[in-house]
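Visitor: Hi, I'm new to this one and would like a walk through it. Could you put it up so we can go over it together?
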Amino acid sequence: MTVPSSHMSSIVSTSRGILQSTGISTCDNPSAGASGSFSQPEPESNDCDETELFSVSWNQDYGCFAAGTNHGFRIYNCDPFKETFRRDLKSGGFKIVEMLFRSNILALVGGGANSQYPPNKVMIWDDHQSRCIGEFAFRSEVRAVKLRRDRIIVVLEHKIYVYNFMDLKLLHQIETLANPRGLCCLSHHSNTFVLACPGLQRGQVRIEHFGLNMTKLIHAHDSHIACFTLTMDGLLLASASTKGTLIRIFNTMDGTRLQEVRRGGNRAEIYSIALSPNVQWLAASSDKGTVHIFSLRVRVGEDSAAQGLALFQQNSSTSLDALISPNAGSNPSSSLSFMRGVLPKYFSSEWSFAQFHLPEDIQFIAAFGSQNAVIIVGTDGSFYRCRFDPVHGGEMLQQEYVRFLKTESRLR
């Protein structure tokens, strides 16, 4: 980690007001650019054919997404769809662009053959000031960066570092199994700080409840973990393995499995898992070219974090009844489900409620919009908005399609 001697105060403007971030270090490492800023932005003359997309990623509330390209990065609003800003650079691009909600603070990691920004450094970029306000350097490649309003999490292949946002001090180090995907997920409620990451054993998810000073290890799958997500309060975990046939939902307080849904019978690579804000629905995308929507029967109220803590303190298996809705859910399941104790698990897992079909072998990430909308972004530069019928399910209806790297989508 690079901690320069000079300090500054930074005002971070957000859509919900002003976030004061005092004492954030400025960059003074010559290898990262002594001026603490990017090269001068290029004129916006790059043809869409010249732009290579390195990554796409959601912000914390799924209302925006960031695209890292070989020329810099771009930020898009989802509803309504609009490019909000871009930085086209002469000096290279970024494989990781992590937003902090809708603020002007971003975490950037370089990528690409000609990038001047190395893949082992994290820059905390203030786009309002057009300067780097913090930097972390590591001996190995950075696999992912995750941001909270109070923390910066850097994921390497075998270790995760947790820093305080205010002064960039290292707070925690977590050892993991080999994690080339950079798997890590955070809660984003201000009153809970939960982190999920791979454990030290195959198929294991480690849950850190930092507010409770508690670690929970969940044996989620027999195969290696491929993808997972947390609810905003961190109370629930949804995970999939590299086999890609099942998605499981767990209570992160005691590790109990609450529900299991089935994407399909054949092996698949799960690209993303998303939970709706009310935790009524789950969306999963895979290399099979289908986004599946599942109905969840996990009951979560506004006070779910407090409820989860109370359940944990009771340490009673019967208390889990409060987390599971008596409604069995709307996903189709086998008519032989009454024989669950005898038949293989294949017959008792629940199938998807709604589906949307996409090109195969392109990586798509999905999230929930408002009013039963699902938003899908692809690494081929495509944006879809579709809607599912919450009563009857079935094939989703496409409502919008945009090629977001095209010149027409540029900010005007």
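Guide: Before we start on the sheets, a word on terms: two strands pair if DSSP finds at least two bridges between them. Please also keep in mind that this is a predicted model.

Visitor: Okay. What is the order of the strands in the open sheet of four?
Guide: The order is β15-β16-β17-β18, and the pairing in this open sheet is antiparallel. At its edges lie β15, residues 185–186, and β18, residues 214–219, each of which pairs on one side only.

Visitor: How many bridges join β17 to β18?
Guide: Six bridges join β18 to β17, the strand of residues 204–209, and the two run antiparallel. Within that pairing, V205 stands opposite I218 in β18.

Visitor: And which strands form a hairpin?
Guide: β13 and β14 form a hairpin, with five residues between them, and L168 in the turn has a positive phi of about 65 degrees. Strand β13 covers residues 159–164 and strand β14 covers residues 170–175, and five bridges join these antiparallel strands. One of the facing pairs is Y161 with its bridge partner Q173 in β14.

Visitor: Stepping back, how many helices and strands does the chain have?
Guide: The secondary structure of the chain comes to one helix and 32 strands. Of its 412 residues, 56% count as buried, and the accessible surface comes to about 17,700 Å², with 48% of that belonging to carbon and sulfur atoms.

Visitor: What share of the contacts is between residues 24 or more positions apart?
Guide: Counting the contacts in the chain with a separation of 6 or more, 47% are between residues 24 or more positions apart.

Visitor: Let's change topic. How many aromatic pairs are there?
Guide: A search of the whole structure finds 22 aromatic pairs. In one of them, the rings of F94 and Y117 have centres 5.0 Å apart and planes at 25 degrees, so this pair is stacked. It links distant parts of the chain, since F94 is in strand β7 (residues 93–99) while Y117 is in the loop between β8 (105–111) and β9 (121–126), 23 residues apart.

Visitor: Are those two buried or exposed?
Guide: Both F94 and Y117 are buried.

Visitor: Why is the pair of F364 and Y384 called edge-to-face?
Guide: Planes over 60 degrees apart count as edge-to-face, and the planes of F364 and Y384 are at 65 degrees, with the ring centres 6.1 Å apart, so the pair is given that name. F364 is in strand β28 (residues 364–368) and Y384 is in strand β30 (residues 382–387), so to speak two distant parts of the chain, 20 residues apart. F364 is buried, with a relative accessible area of 1%, and Y384 is buried as well, with a value of 9%.

Visitor: Which residues do ring pairs link into a cluster?
Guide: That cluster consists of W58, Y62, F65, Y76, F81, F383 and F404.

Visitor: Where do the charged ends of R149 and R262 sit?
Guide: The charged end of R149 sits over the ring of F101, 4.0 Å from its centre, and the charged end of R262 sits over the ring of W351, 6.0 Å from its centre.

Visitor: Last one: which side chains make polar contacts with E260?
Guide: The side chain of E260 makes a polar contact of 2.8 Å with the side chain of R248, and another of 2.9 Å joins E260 to the side chain of R257. E260 itself is found in strand β22, residues 257–262, and is buried, with a relative accessible area of 8%.

Technical notes: Residues numbered from 1 in each chain as written. Predicted model: local features only at pLDDT ≥ 70, side-chain atom pairs only at ≥ 80, totals over all residues. Heavy atoms only, no water. Phe/Tyr/Trp six-rings, centres within 6.5 Å; stacked < 30°, edge-to-face > 60°. Buried < 20%, exposed > 50% of the residue type's maximum accessible area, 1.4 Å probe, protein only. Lys NZ or Arg CZ within 6 Å of the ring centre and 35° of its normal. Polar contact = N/O pair within 3.5 Å; in protein donor to acceptor, adjacent residues only side chain to side chain. Contact = heavy atoms within 4.5 Å. Areas by Shrake-Rupley, 256 points an atom, 1.4 Å probe, with all protein chains shown as cover.
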